[in-house]
Amino acid sequence: MEERGTSVCSCTGSLAARGFARVAAVLVFGASNVVFTAAVHSQDLADRNQIVAIRHRLERQALDLINRDRVAPEYLGETRGRARPLLWDERLAAVARAHSEEMARYGYFGHTAADGASPEQRISSAGIRWTLVGENIASCQSIAQAESTFMDEPKFERNHRWNILNPEYTRVGVGIANGSDGMLYITEDFAQIH
């Protein structure tokens, strides 16, 4: 039997009050072209390669921040020292990237894709066999802002912070797209793989 818990959150505090960030998380138990700027289609291959390199750098920055938090001494009370650095999974990253690109392209913010697919359906459709998946999404001005917003959530609750610190996850993929609103659309897909 599949259990599913969902937590969709709005940021609170000064960031949300100024409208700079939106975040949401989904917890689940049991490829399109990069749309990084509106001008991508009219630029030459060198510019596109530069955009892909920037996206790759930002996605790896997110991985570094996630793994830093998973092993940070200040979170030992939550992880009991069991959370290990997550391995990058390019298949999860492709799923996450496609979702971020779709949100940026169509101007929506949510875990459910335009075709109605849930995070677990999107991950399963990519041929990934999982026993546990979770997803964090954010619309922020920077990767550091998204991670900070996630980690500012309450301890010991099933939220973004829980997804990041959950020792049961072993892999992650991060996808980032730049929206026409100037915000980064960030999707972090976490999994324990069969």
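Both Trp 162 and Tyr 169 are buried. The exercises below use a predicted model.

**Exercise 1. Classify the ring pair of Trp 162 and Tyr 169 from the distance between centres and the angle between planes.**

Solution. 
- Step 1: Two rings pair if their centres lie within 6.5 Å. The centres of Trp 162 and Tyr 169 are 6.3 Å apart.
- Step 2: Planes over 60 degrees apart count as edge-to-face. For Trp 162 and Tyr 169 the planes stand at 80 degrees, so the pair is edge-to-face.
- Step 3: The count of aromatic pairs comes to two. Ring pairs join Trp 162 and Tyr 169 with Phe 190 in a cluster.

**Exercise 2. Find which strands pair with E6, and in what sense.**

Solution. 
- Step 1: Take strand E4, residues 130–140. E4 pairs with E6 in the antiparallel sense, over 10 bridges. In this pairing Glu 135 is opposite Asp 189 of E6.
- Step 2: Take strand E5, residues 171–178. E5 and E6 are also antiparallel, with eight bridges. Here Ile 176 faces Ile 186 of E6 across the pairing.
- Step 3: Look at the hairpin of E5 and E6, where five residues lie between the strands. Gly 182 in this hairpin has a positive phi near 85 degrees.

**Exercise 3. Decide how far strand E6 is enclosed by the rest of the structure.**

Solution. 
- Step 1: Strand E6 covers residues 184–193, which makes 10 residues.
- Step 2: A residue is buried when its relative accessible area is under 20%. Eight of the 10 residues in E6 are buried, so the strand is largely enclosed by the rest of the structure.

**Exercise 4. Give the number of helices and strands, and their order.**

Solution. 
- Step 1: The chain contains seven helices and six strands.
- Step 2: Read from the N terminus, the order is β-α-β-α-α-β-α-α-β-α-α-β-β.

**Exercise 5. State where the charged end of Arg 60 sits.**

Solution. 
- Step 1: The charged end of Arg 60 is over the ring of Trp 88.
- Step 2: Its distance from the ring centre is 4.2 Å, against a cut-off of 6 Å.

Key:
Residues numbered from 1 in each chain as written. Predicted model: local features only at pLDDT ≥ 70, side-chain atom pairs only at ≥ 80, totals over all residues. Heavy atoms only, no water. Buried < 20%, exposed > 50% of the residue type's maximum accessible area, 1.4 Å probe, protein only. Helix = DSSP H or I, 4+ residues; strand = E, 2+ residues; numbered from the N terminus. Pairing = 2+ DSSP bridges. Phe/Tyr/Trp six-rings, centres within 6.5 Å; stacked < 30°, edge-to-face > 60°. Lys NZ or Arg CZ within 6 Å of the ring centre and 35° of its normal.
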